[in-house]
Each structure stands twice: as C-alpha cells, then as structure tokens.
Amino acid sequence: VLTARRFPRKLLRERIEQVEVAQPEPKNLEDVLEDAEPTLRRLAQRMCADSSDVHDLVQDTFERACRHGIPQEIHCTRAWLTTIMHRLYLDRRRAAARHPRPQVLGDGPGIASFEQGVPEPQWKRITIEDIHQSLAQIEPVYRDVYVLHAFEELSYEEIARRLSIGRITVGTRLSRARKRLRELLVQRFGLEDEP
Amino acid sequence: MTSCADLDPFFDRELSKEAAADFREHLDGCSRCQVALHGRMQEEVVLEKSPERAVQHRSAGARPAPRARRHMLTYLAPILAAAAAVAIWFGTKSVRFGAARPSSPTDVALEIERRGVAMRSGAGAAGEPRGSVAQVGDVLRSTVRGEDHRAIWVYFEDRDLVTACPDGSGCSKVSGGLTLELRVSASGRYSIIAISSAQPILTPHGPLDVMLGSIAAVGAHFEIRHVDVN
C-alpha cells in the first residue's frame, strides 16, 4: 500500500520521461563532469572519512577522466566515472596504508592502465524503471524499507520510527531487499552477481 | 569487530566514526566487499536517475538535508496557514501571497471535468472552501491570469511534481493567460499552484514547501487549490 500510494505508476512514467528529456546524456567532457559532479561527490561522501578526502577523490577522478577522455565505447558516463572513482578510492586506501601521510597519487602500477581497460559496468543496462519493476516482485516488508531509504533518502532511524520497527531490523531488511533486488536483476539481465 | 555485513551500513553512513574506520580497514583487504562496494556505487548511479532523486538533487547546492527540509516545512506551514487566514479574514475575493502589491492580482479559475461535464470549483469568493473533490480519470482545468509571467505547477501529495506550465504537457497559452488540462490518474491530494509575477518564474525543482519559499522570496503572487482525488 505504501509503495503503490507513493509511486503511482502513470505519474512515475510521465516524470521519468520528463527527467530524461530534460537531461540527456552529455557528450562533451566538460559537460559530463559538471553533470556527474554532484553524484560523484555524494558517493565520495559515503566512503571517505572527511571532506578533504572527498574533495581530493572527486578531483582525482576528474583529473583521470580529463587525462584520458571518454572512450568511444562508453555510453553511460556517470557509471564510467563511478568505476574510476571506485578504483581510485581503493588505490588511495592502499597508498595511505603504505605511507603514514596521504600523498598525491601518480600513475602507480595499480592504476596506470585501468582507464583504457575499464569495461562499462553491466549496470548501464539497468534503468530506474527496471528497479521499480523488480521491486514490485520483492516482499512488501523488504520493499517498503528499500523505497523509504532509496527514494526518500530516510535514515535508518527515521525509517524505524516511520514503520515502528527497530533500527537493526531496518538494516537487516534493507540488506535483504538489496540482495533480493540484485538476484532479480541478475536473473533478468545476466549481471555478474556479487561473490 | 567488523565484517562484510557492515558494508551496507557503511555505505549508508550509518556506522559510527570508529566503526566506519574499522570497516575501511576491513575493506582494504576484502576483495568481496570491494566488488560489492562497486555494485552499491553503480546502484546509486541508477537510483540518482529516479524522478524523486532528480527533483531533490537538481538544486543540491542550495538545498538543506532532507531532515532540515522537514523542519522547514514545520515552520513554513504555519506561516502560510496564518497568511491565508489573515487574507480570508479581511474578506478578499481570493487568497494572495507575496509582496504587498495590491495592483498585481493573480486570477485563477479551476474546473473539474467529469465525463465531459465541467464543474466550476472553488471560485474564489470569500468563505468558499478552497478544496475540491474529483475522481480518477477526471480532468482538472486550471487557468491563471495576472502579471507578465505566469505558471501553473501541480504537485501530488505536496511532494511529487506532476507537471509544470508553461513548458509541461497539457499546458497552453490563452489570451492573457495560461491554461493547464490534466487528467488525474492516481488517488490522493493534488495541489495546483497558480503563479503570476513581474519577474520570470523559475522552473520547479524541489518539494512544494521549498518552491513556495523560493517564489514568495522574489515577490511572486500565487494561489493554491487542493483537489482530493478518490
């Protein structure tokens, strides 16, 4: 009931079309970076310990992208940039473990060649509508938590209050919802599942 | 003690600072979590394309956090309610907000067409109820006249933007005004905001409470009509 009320399908479709029409995938690198910057910053905030690390990680990602340009075969540039950021993040962690003080990363052995070989993630084939369709197949008890977290961006605490359940239960249900969602997407699109 | 089970709360920023630091160390040596983290990041990229996220984030720099927005609504709603009450108390023919410019009225008409029969709703006389009731499949027809720039926004449940004129679907310009025709397709509360302004009106990019604050700040005049769809 919660999901159906919050996301009337017809309204959702109309709005998806509006968003997609209004925001076509940019092709110019400068536009790509400007378009992706808020997304990358939010992702970096999820992983990094402080704001200076967030800033550095986003800048390094942009620098890497600028140095090599957008490969011809890349269609979803945000996903491509996200993959670069993921690898840079892990490389920065490794470098930080090796050196007590953070250092600016050069073209170390771990990162020199990956840009050209970065495959476009299989998530590129997944649309937000696919996620909604898969969510419809998930048990409501898990789906509702996922919807509140993924679309309304509520914290575990807020979801717990809203649904009158424990905070730990929220975490558990959310993990199960994600696992089930991935299973459905793997089944449907042949994504490589997490190990 | 951290483990792979902490990946989700880590990615959701639900771990304490210390627990997050522990998980980062775990992540350094766990290839399973590294792959899973990439999956979470890619999933987020897809979710960012959702209409709800798109609307919320388009003005990210100027937007407060979701919790703060709810607080803003808590403060803004009584102010708007008080303004409406004062306007009605003075017996005005329609409720108008914005800068005190008495010579700049916003004239709004709202009709609900049911099975081809149009019914005028909330004509604006003092004391008349501002709300209306419709059914799924009915057509809402709203016209706004007033200053040089006009807009009509429709929100569902005061949160989701359904359409926005003059550029949205169902919008058309009539002599000296702007008209929207919208067939309602879901049950719930629709809010129709008719706006006129001497200045260009911004395109809505956030929840209703935030956008009302924005247009009120630039002195635009607006009226809100609610339609409950059963």
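B:Phe10 is buried, at 2% relative accessibility. In this predicted model, its ring pairs with that of B:Phe23. B:Phe23 is buried as well, at 0% relative accessibility.

**Aromatic pairs**

- Counted over all chains, the structure has 2 aromatic pairs.
- B:Phe10 and B:Phe23 make a tilted pair, with 4.9 Å from centre to centre and 35° between the planes.
- B:Phe10 sits in helix H1 (residues 7-11) of chain B and B:Phe23 in helix H2 (residues 17-29) of chain B, so their pairing ties together parts 13 residues apart in sequence.
- The other pair joins B:Phe156 and B:Tyr190: the planes stand at 70°, so this pair is edge-to-face, and the ring centres are 5.1 Å apart.
- Strand S5 (residues 149-156) of chain B carries B:Phe156 and strand S9 (residues 188-197) of chain B carries B:Tyr190, so this pair links parts 34 residues apart in sequence.
- Are B:Phe156 and B:Tyr190 buried or exposed? B:Phe156 is buried, with a relative accessible area of 1%. B:Tyr190 is buried too, at 1% relative accessibility.

**Charge over a ring**

- Across the two chains, A:Arg46 lies over the face of B:Phe11.
- The distance from A:Arg46 to the ring centre of B:Phe11 is 4.5 Å.

**Chain A overall**

- Chain A has 10 helices and 0 strands.
- Its pattern along the sequence is α-α-α-α-α-α-α-α-α-α.
- Chain A has 195 residues, and 48% of them count as buried.
- Among contacts in chain A with a separation of 6 or more, 65% come from residues 24 or more positions apart.

- Helix H4 of chain A covers residues 51-68, 18 residues in total.
- From first C-alpha to last, H4(A) reaches 26 Å, close to the 26 Å expected at 1.5 Å a residue.
- Which residues of H4(A) are buried? They are A:Val54, A:Leu57, A:Val58, A:Asp60, A:Thr61, A:Phe62, A:Arg64 and A:Ala65.
- An α-helix has 3.6 residues a turn, so residues three or four places apart point the same way.
- A:Gly69 belongs to the loop between H4 and H5 of chain A.
- With a relative accessible area of 18%, A:Gly69 is buried, because the cut-off is under 20%.
- Leaving out residues up to four places away in sequence, A:Gly69 touches A:Leu29 and A:Trp80.
- A:Gly69 and A:Asn28 are 41 residues apart along the chain, and 9.6 Å separates their C-alpha atoms.

**Helix H5 of chain A**

- Helix H5 of chain A runs over residues 77-98 and has 22 residues.
- H5(A) reaches 31 Å between its first and last C-alpha, close to the 32 Å expected at 1.5 Å a residue.
- H5(A) is mostly covered, with 17 of its 22 residues buried.
- A:Thr82 is in this helix and is buried, at 0% relative accessibility.
- What does A:Thr82 touch, not counting residues up to four places away in sequence? In chain A, the contacts are A:Leu40 and A:Leu43. In chain B, they are B:Met41, B:Gln42 and B:Val45.

**Confidence**

- The model scores ipTM 0.75 and pTM 0.51.
- Chain B has a mean pLDDT of 73, and 69% of its residues reach 70 or more.
- Among the elements of chain B, H1(B) has the highest mean pLDDT, 93.
- The lowest mean pLDDT among those elements, 46, belongs to helix H5 (residues 66-89) of chain B.
- Residues 84-104 of chain B stay under 50 in pLDDT, and the model gives this stretch 33 contacts beyond four places in sequence.
- Residues 122-130 of chain B also have pLDDT below 50, with 19 contacts in the model beyond near neighbours in sequence.
- Where pLDDT is low, the predicted coordinates should not be read in detail.

Methods
Residues are numbered from 1 along each chain as its sequence is written. Chains are lettered from A and ligands numbered from 1 in the order in which they are written. This is a predicted model: local features need pLDDT of at least 70, side-chain atom pairs count only at pLDDT 80 or more; totals for chains, interfaces and linings use all residues. Side-chain values use heavy atoms; hydrogens and water are left out. Helices (H or I, at least four residues) and strands (E, at least two) are DSSP runs, numbered from the N terminus. The expected span of a helix is 1.5 Å times one less than its number of residues. Buried means under 20% relative accessible area, exposed over 50%, partly exposed in between (1.4 Å probe, protein chains only). Rings of Phe, Tyr and Trp (its six-membered ring) pair if their centres lie within 6.5 Å; planes under 30 degrees apart count as stacked, over 60 as edge-to-face and the rest as tilted. A charge sits over a ring if NZ of Lys or CZ of Arg is within 6 Å of the ring centre and within 35 degrees of the ring normal. Contact means heavy atoms within 4.5 Å. pLDDT is the predictor's confidence in each residue, from 0 to 100.
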